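Work through the exercises below with the sequence and the 3D view side by side. Try each task before reading its solution.

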Amino acid sequence: MKFLRLCMLGLVAAAISGCDKSVDSPQGFSLPDGNVAKGKQVFLKYQCLSCHQLEGIKQPEVIEHSILSIPLGGESNKVKTYAALVTGIINPSHTFIDGYPKSAVQVDGVSKMVSFNSVMTVDELVNLVVFLQPYYTLAPYTRTQYSPYRYDKQ
């Protein structure tokens, strides 16, 4: 009986530990700690503002490569994990932003975002992700408002 209780306790602990969906979720992978100030330098170095916009960040010498200005940051209905941001940068075709026509953001299912994989160092990637992450916030959950259920006895 003790063995069965220990097994059940172990299963519950394993289930609970796998439910962590926070920004630093252990699911996926993690890289070394980054530096926010260096991340901003990376963001400006690779002229991310030529195709994106980020509240409070300006770069006067940006060369515009796109007719789009895709926003980064803001409220999201799910947590933007470290792994999701890294994936979005190194594999922009993994997910596409909603609200834009497919032809505006992709060609034949491949993102129009320039690939920086062969020029950006891992250090730069880590710093960029640490810089971007605070710009994302989790939207508060809004409950559905139901009208009261009325049951009339007959």
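**Exercise 1. A loop residue and its partners**

Leaving aside neighbours within four places in sequence, which residues is Asn117 in contact with?

Solution. Keep in mind that this is a predicted model.
- Step 1: find Asn117 in the loop between β5 (110–111) and α5.
- Step 2: set aside the neighbours within four places in sequence; Asn117 is then in contact with Ile89 and Ile90.
- Step 3: check the spacing for one of these partners. Asn117 and Ile90 are 27 residues apart along the chain, and their C-alpha atoms are separated by 6.2 Å.

**Exercise 2. The overall layout**

How many helices and strands are there in the protein chain, and in what order do the elements run?

Solution. 
- Step 1: count the elements. The protein chain has five helices and six strands.
- Step 2: The order is α-α-β-β-β-α-α-β-β-α-β.
- Step 3: look at burial. Of the 154 residues in the protein chain, 27% are buried.
- Step 4: Residues 24 or more positions apart account for 63% of them.

**Exercise 3. The setting of helix α5**

Is helix α5 largely enclosed by the rest of the structure or largely open?

Solution. 
- Step 1: locate the helix. α5 spans residues 122–132.
- Step 2: count its buried residues. Nine of the 11 are buried, so α5 is largely enclosed by the rest of the structure.
- Step 3: name them. They are Glu124, Leu125, Val126, Asn127, Leu128, Val129, Val130, Phe131 and Leu132.
- Step 4: find what surrounds them. These buried residues pack against α2 (36–45), α3 (82–90) and β6 (136–138).
- Step 5: zoom in on one of them. Asn127 lies in α5, and its relative accessible area of 7% makes it buried. Not counting residues up to four places away in sequence, Asn127 touches Gly34, Asn35, Lys38 and Gly39.

**Exercise 4. α3 against α5**

At what angle do the axes of α3 and α5 cross, and which residues make the contact?

Solution. 
- Step 1: take the axes. Those of α3 and α5 come within 10 Å and cross at roughly 120°.
- Step 2: classify the angle. That makes α3 oblique to α5.
- Step 3: α3 passes α5 in a right-handed crossing.
- Step 4: list the residues. α3 contributes Tyr82, Leu85, Val86, Ile89 and Ile90, while α5 contributes Leu125, Val126, Leu128, Val129, Val130 and Leu132.
- Step 5: sort them by class. The contact of α3 with α5 has 11 nonpolar residues, no polar ones and no charged ones.

**Exercise 5. α2 against α5**

What is the angle between α2 and α5, and how do the contact residues divide by class?

Solution. 
- Step 1: take the axes. α2 and α5 pack at about 105°, with their axes 7 Å apart.
- Step 2: classify the angle. The two helices are therefore roughly perpendicular to each other.
- Step 3: list the residues. α2 brings Val36, Lys38, Gly39, Lys40, Val42, Phe43 and Lys45; α5 brings Glu124, Asn127, Leu128, Val130, Phe131 and Leu132.
- Step 4: sort them by class. The contact of α2 with α5 has seven nonpolar, two polar and four charged residues.

Note on methods:
Residues numbered from 1 in each chain as written. Predicted model: local features only at pLDDT ≥ 70, side-chain atom pairs only at ≥ 80, totals over all residues. Heavy atoms only, no water. Buried < 20%, exposed > 50% of the residue type's maximum accessible area, 1.4 Å probe, protein only. Helix = DSSP H or I, 4+ residues; strand = E, 2+ residues; numbered from the N terminus. Contact = heavy atoms within 4.5 Å. Axes fitted to C-alpha atoms, helices over the stretch in contact; angles between N-to-C directions. Parallel < 35°, antiparallel > 145°, perpendicular 65-115°, else oblique. Left-handed = near helix turned anticlockwise from the far one by under 90°. Nonpolar A, V, L, I, M, F, W, Y, C, P; charged D, E, K, R; others polar.
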